[in-house]
Amino acid sequence: RRQRQLGIRDRAAVMSLVLPGVGQIYTGRFFWALFFFLFTPGFWLGTGGLLGWVFHIWAAWHAYNSCK
């Protein structure tokens, strides 16, 4: 049985899921990396944890779809 290796898109998504913005750096999207670095913790703290997960998921989705 063959195991599927993670592609660039998958790696970028996992990186951004762990730490939002890292997947964007991996794909060369530095403005978006800064955006997610700043706004994700802001939404986690500013909303008491209610909306931080939205930015976390968005960061992973954006990293996955922004691969060149």
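Trainee: How many helices and strands are there in the chain?

Mentor: This is a predicted model, and in it the chain has four helices and zero strands, so that is the order α-α-α-α when you read the elements from the N terminus on.

Trainee: And what does the C-alpha trace span along its principal axes?

Mentor: The C-alpha trace spans about 45 × 25 × 15 Å along those axes, and the accessible surface of the chain comes to about 4,900 Å², with 69% of that belonging to carbon and sulfur atoms.

Trainee: What share of the residues is buried?

Mentor: Of the 68 residues in the chain, 32% are buried. As for the contacts with a separation of 6 or more, 45% of them are between residues 24 or more positions apart.

Trainee: Changing topic to Gln24, where is that residue found?

Mentor: Gln24 sits in helix H2, which covers residues 22–26.

Trainee: Is Gln24 buried or exposed, and why?

Mentor: Gln24 counts as buried because its relative accessibility is 0%, and the cut-off for buried is under 20%.

Trainee: Which side chain does the side chain of Gln24 make a polar contact with?

Mentor: The partner is the side chain of Ser16, at 2.7 Å.

Trainee: What else is Gln24 in contact with, leaving aside its neighbours within four places in sequence?

Mentor: Besides Ser16, the contacts of Gln24 on that basis are Arg29, Trp32, Ala33, Phe36, Ala59, His62 and Ala63.

Methods: Residues numbered from 1 in each chain as written. Predicted model: local features only at pLDDT ≥ 70, side-chain atom pairs only at ≥ 80, totals over all residues. Heavy atoms only, no water. Helix = DSSP H or I, 4+ residues; strand = E, 2+ residues; numbered from the N terminus. Buried < 20%, exposed > 50% of the residue type's maximum accessible area, 1.4 Å probe, protein only. Contact = heavy atoms within 4.5 Å. Areas by Shrake-Rupley, 256 points an atom, 1.4 Å probe, with all protein chains shown as cover. Polar contact = N/O pair within 3.5 Å; in protein donor to acceptor, adjacent residues only side chain to side chain.
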